[in-house]
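User: I have a model open and want to know what the terms behind its description mean. Can we go through them one by one?

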Amino acid sequence: MEFQFFLNGIISGSIYALIALGFSIIYRTVKFFHFAHGVVYAAGAYLGYTLCISIGLPQIISVPLAVLCSAILGILIDKLCYSPLRAQKSPNLVFLIASFGIFIFLQNLLQILYGAQILSPRTGLIKEGHHILGAVITDIQITIIVVSLILFLGLWLLIQKTKLGKAIRAVSDDPVAAKTVGINSERIILSSFSVGSALAGIAGILISYETNIEPTMGFAAILKVMIAAIVGGIGSITGSLVGGLFLGLAENLGIWKIQSGWKDAIAFGILILFLLLRPQGILGKKTEKETI
Amino acid sequence: MEYFLHILIIAEIYIILSLSLNLVLGFTGLPAFGHIAFAAIGAYTSSLLALNYGISPWIGLPVGAILAAIGGILIGFPSIRLKGDYFALATFGFGLIVYSIAKNWVELTRGPMGLPGIPAFPFLGGSLDSVFSYFPLTTAFALITYFVLKRIVNSPFGRILQSIREDEIAALSMGKNVTKYKLIAFTIGAFFAGIAGSLYAHYITFIDPTSFMPMESIAIVLMVVFGGMGSLEGSILGATILVIFPELLRFVGLPDAVAAPLRQMIYGLLLIVLMIKRPQGLIGKYKFK
Amino acid sequence: MDFFEIRNLTKEFDGVRAIDNLSLSVDKGSITALIGPNGAGKTTLFNIISGFLKPSNGEVLYNEKIITHLNPYKISQEGIGRTFQNIRLFSQLTVLDNLLLGLKYNEGESLLAAITQSKKMKQEEKQNTEKALELLKLINLLDKKDALAENLSYGQRKLLEIARALALDSKLLLFDEPTAGLFPEMTEKIIEVVKQLKQQGKTIIFIEHDMKVVSKMADMVIVLNYGKKIAEGTPDEIRQNKDVIEAYLGKIEEPVKI
């Protein structure tokens, strides 16, 4: 029985980690909490549903198309809302409030477009799961874990080994210096939004085959994801993985003993503890401001 | 007429919430994103005292406000040394925790089933259980809140709060114990939010956790920002407009299933537009640093 | 009694030593200039003294009391006031409010006083307003008392920041580049104000780049470079000090003789 909880922890942890990964990549270049990332995740799920079920495209087309649309949504959000704020040199808090506004706007738009009922893109019979070590794991759950691992590896390679990755790291460490060596930070930021939002979209589509789609799914997700990202070390790729898995496991192993309704409170309790005691997260570095 | 008064009562409750949040956000510069949690504490306290122990709301309300203030100290104390968006996140998180407690501590709060049949304020042999009798009550409390806060912000104490908003480091160099003043401001804000919560409970006579969800705090932030941070009159304006305006949507004949999310969409859009175009809101003095 | 002393102060940032085993002392009632090339650690030193940065090592002593790890507001209350390199005024408050925030209140600043609008509060407010208006007269900004601080000119803002530090009635004042970017008339005004402060028995340490100002104002000069003290003396002595000249201009090469 215990292995099932562990397995469930890995599965939900993988989803959290995936969304957190996108969130962290975006944070690296813009340095504020893109709360609206959660609604991009939800939009990805809804788009996947619309393309596959409502329009009837085969999954081989609908899934990549939905991911692409998620990326575009992320770019639109940045261009329309965050870019003007960057031009005004607004403080982080203003970006956060605007992000809340974007989230509220889009989540309710989804509710108007799709209604409040639960949707699911699954068709046909539910397949029997595979038995392993006394627990059950379904095909889609295996897909979630495998896809997450591949994407993590891919993103790690992107950030560490490619020119784009180097540019992202440069903009993240020192935007002014990056500009002086000719890096166009606006374009880098757009890249991080498209990659990050695509990841959110993928996560949304994956989860829609595992559980269901409903308009508030983005809210629950982004809260967990921010916790995972901050606990793991905001902006760090391995941090997102560690944070996401940690949260997934803590939730599923935690509910073993405690009522499941307390999951949110536990997660936020962990966040607040980290914010107070170790804001740089498990893997982050502490920084001190030199001048005032 | 009755409907009109009902809207005004709700508006006045939100006015108290906005005024109290403005003290924290607009005058002291603390981005508190969990304000509704203190209303929840006030509401549940006075409701449970009335339902379980027959204690009059006249006593329950101040007790609720005091408990909310204690909640303010407990939540404020750890959060206050966090900066800007981290503080916002932590207070939002605390708001979520309070909501979770309301939803899950069923033995105390009856969880999602809520508390029905909350007694009204007794008065001169009868009770304040109609819009006509409740309106003077909320008006009185809204006025008290406004005048007390006005005295606070127009005093040397209030000047210190604003100096913290303007430049915390300069305030420290002037010998001001910034942490202490932040905590006091935060606690006062919580106190008045607790009052608003009780007023709501004994009017609607039913509360459940959904009345105090985390996003509600963001709506109050919107009211403060929209009306104008650093302007008490702005909070009255902002709360009134943002409560009355969605009611007008009803008259356009939209079905509730569309009107409710549409109202939220407008709130969201307003937040975005305010941040980009006019952070000082309608008549505010402060724009974020 | 040593009025103000720094003992073996060191401050490291990620392996770089901004302050390197620095020791110095300042006599009561003196005006000391702190000079040195950019990055020498002067503002960092001020930040440590006023409590905004904690040193990696060493102590700061004021009136023989160790104040190194005190909270900045406590250090201000002990009697050490300062201005900032980048001017930190309360921008959206009035000039008068900026000064009132520096003046001392006994009970008038409390919450209770605010809610009850107590007589004590009104009395203190009246007295302090008078004092603030006096200070404004001193710096010729009386007619701007209701203007928002952010709407003043650069020179006026610099003056206001100094006046605000004066309002604190501190015994030790730290001025960070008080004449930077000012026209000569303003600079003269500031020199005048600082000399008056010395007459009132205050002690001043100021960071400065303009050697003319240093000559006019300072009794003593301390020179920093790379976080270390490289020279100490009167303005005349310092002007001729080889190490100091080298620090500013780089090593002087001997001309090649043909």
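Analyst: Start with the elements. Helices (H or I, at least four residues) and strands (E, at least two) are DSSP runs, numbered from the N terminus. By that rule, chain B runs α-α-α-α-α-β-β-α-α-α-α-α-α-α from the N terminus on. That gives chain B 12 helices and two strands. This is a predicted model: local features need pLDDT of at least 70, side-chain atom pairs count only at pLDDT 80 or more, and totals for chains, interfaces and linings use all residues. Residues are numbered from 1 along each chain as its sequence is written, while chains are lettered from A and ligands numbered from 1 in the order in which they are written.

User: How do you know that chain B agrees with a compact globule?

Analyst: The radius of gyration is taken over C-alpha atoms, and the globule rule is 2.2 Å times the number of residues to the power 0.38. For 289 residues a compact globule would have a value near 19 Å; chain B has 18 Å, so the two agree. The C-alpha trace of chain B spans about 55 × 45 × 35 Å along its principal axes.

User: What makes a residue of chain B buried, and what percentage are buried?

Analyst: Buried means that 20 or more other C-beta atoms, placed from the backbone, lie within 10 Å of its own. In chain B, 59% of the 289 residues are buried.

User: What makes strand 1 and strand 2 of chain C a pair?

Analyst: Two strands pair if DSSP finds at least two bridges between them. Strand 1 (residues 4–13) and strand 2 of chain C have seven bridges, so they pair, in the antiparallel sense. Within strand 2 of chain C, C:Leu24 is the bridge partner of C:Ile6.

Technical notes:
A residue is buried if 20 or more other C-beta atoms lie within 10 Å of its own, exposed if 12 or fewer, and partly exposed in between; C-beta atoms are placed from the backbone.
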